[in-house]
2 protein chains.
Amino acid sequence: MLARAGSDVVFLMRSDLAAVRARGLAVKTPGEEFVLRDVRAEATPEEIGPCDLVIVALKTTANGDFQRLISPLLHERTAILTLQNGLGSDEELARLFGAERVMGGLCFICVNRTAPGEVLCIEPGSLSIGEFGRPASERVRAVADLFSKANVRCHVGDDLAWLRWKKLVWNVPFNGLSIAAGGIATDAILADRHLEAEVRALMAEVIEAAGCLGHVIPRAFIDQQIEHTRPMGPYKPSSLIDFLARRPVEVEAIWGEPLRRAQAAGAAVPRLAMLYALLGRLARR
Amino acid sequence: MLARAGSDVVFLMRSDLAAVRARGLAVKTPGEEFVLRDVRAEATPEEIGPCDLVIVALKTTANGDFQRLISPLLHERTAILTLQNGLGSDEELARLFGAERVMGGLCFICVNRTAPGEVLCIEPGSLSIGEFGRPASERVRAVADLFSKANVRCHVGDDLAWLRWKKLVWNVPFNGLSIAAGGIATDAILADRHLEAEVRALMAEVIEAAGCLGHVIPRAFIDQQIEHTRPMGPYKPSSLIDFLARRPVEVEAIWGEPLRRAQAAGAAVPRLAMLYALLGRLARR
């Protein structure tokens, strides 16, 4: 969307590179279809070189490649925006490249890559972005403006960590139980009264942990999230899709890191601990 | 073993009936092999009629058949000994047929039916039996004596409920996690430090619940159980074997009924609640 709106975007690609160079990038949304013929795509960060903004959309399971992938992209004032799931990427990027470079964001979207160079966006949704460890700045507002002008709804938040914990309130139970209960969608979870009770109990644990860490989320958020999920029907959380496709599951970002922070803060999170242990093993098949 | 030792035993059989009538009952133990040629086996309880002792070895998932299966076997002083897993069978038999008839027991054995009429006993182990809801009586000692004389080690206990909770300390975590972690044996559970921690935490919950119900089990029992399990190697708990064979899993007896009693007694059992919810769904596949 940024490229179509005129930003100078370069894509770092792996398996999609040849297809995109040959045929461009095809995007299908609920409202429109278009093909970007002349997108610039490269196979290595060295071919891209330093740029003003690095958008990180890797799976967190590939975060071990940060140094190799991002270092060649940096000049003195390059900003880094990670749109990755869960907890830990902001801190890892800050550790490697300096906290002042790092912004983070959450994607409330539903999008799949259906074939090399083909993107299907089922629900455009929105982004929420913010600075890492400080309130929103002019820089983050400028990035949000770029997205908005490119027709991507983008909110700016003053508390990135609070936004991340709020998203975990949904991801921890639904992504986790969809795998641990045998590969079932959100509607099947909510159709089982014992599993729905576990969703609510896990949400309460995440809210409790967030509160111990200074991120206050009201308990009423639980009912809201459940009622928001019911109309979604047989929705498969991204972790379940990864699991069923035998791709790596983001176990550490979504369950491991929140668990470690909760325990360090003294929060009681027995269900989260058990879910993490089960998923760690299930994802290793 | 009782039949071989001279007791007048009648077997109520389903799928094994024809094989046993044609070829007898073949038993293989670590120490010996023998075939009982003339065992009496029937297809219905009516063909058996009233007897002095009814030994109940059904899966608890078939407890709905108690009335139909057991009523024809009773005379005024018939005793009933249930050797079933978990909690709930003693009470159900007491409700249906009178508490004074009921004795219960636990089997610490490893035995499989390898073919119709063929029993493989890998580990003869022992039984522990007791009266339901009262201390050991002459009657229960007489039954233990029958077993002992038949070369089956049999202990008598004064507190059947305590014995059942003690066995649950092992069954709740190992039977449960072996299924929920993707179908793995006890050695794989203990090889994963997060899963071992969950085993210990679940054991602590069961001990806490038992304590709230007046059945005191020392915390040191946890270490003992773990160390007792390590040398067992790739042992598959009975529930896992049932699960993998797509037979009904005893979810209510091993997790559901203990959970309900723990909650009624005010014990905090979050991990047990989550395991029960997951197994309830997984077992329904």
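In chain A, A:Cys107 takes part in no disulfide. The nearest cysteine sulfur to that of A:Cys107 belongs to A:Cys154, 9.2 Å away. The model is predicted. In chain B, the closest cysteine sulfur to that of B:Cys51 lies in B:Cys107, at 18 Å. A disulfide requires sulfur atoms within 2.5 Å, so B:Cys51 is too far from B:Cys107 for a bond.

Strand β7 of chain A (residues 102–115) pairs with two strands, β6 and β8. With β6(A), residues 74–82, the pairing is parallel and spans 3 bridges. Here A:Leu81 stands opposite A:Met103 of β7(A). With β8(A), residues 118–131, the strands run antiparallel and are joined by 11 bridges. A:Phe108 stands opposite A:Ser126 of β8(A). β7(A) and β8(A) form a hairpin, with 2 residues between them. In the turn, A:Gly117 has a positive phi of about 80 degrees.

Helices α11 (residues 251–264) and α12 (residues 270–282) of chain A form a further contact. Their axes come within 10 Å and cross at roughly 145 degrees. The crossing is left-handed. From α11(A), the contact includes A:Val251, A:Trp255, A:Leu259 and A:Arg260. Residues of α12(A) that meet α11(A) include A:Leu272, A:Leu275, A:Tyr276 and A:Leu279. By class, the contact has 9 nonpolar, 3 polar and 2 charged residues.

Conventions. Residues are numbered from 1 along each chain as its sequence is written. Chains are lettered from A and ligands numbered from 1 in the order in which they are written. This is a predicted model: local features need pLDDT of at least 70, side-chain atom pairs count only at pLDDT 80 or more; totals for chains, interfaces and linings use all residues. Side-chain values use heavy atoms; hydrogens and water are left out. Axes are lines fitted to C-alpha atoms, for helices over the stretch in contact, and angles run from 0 to 180 degrees between N-to-C directions. Helices (H or I, at least four residues) and strands (E, at least two) are DSSP runs, numbered from the N terminus. A crossing is left-handed if the near helix is turned anticlockwise from the far one by less than a right angle, and right-handed if clockwise. Contact means heavy atoms within 4.5 Å. Ala, Val, Leu, Ile, Met, Phe, Trp, Tyr, Cys and Pro count as nonpolar, Asp, Glu, Lys and Arg as charged, and the others, Gly among them, as polar. Two strands pair if DSSP finds at least two bridges between them.
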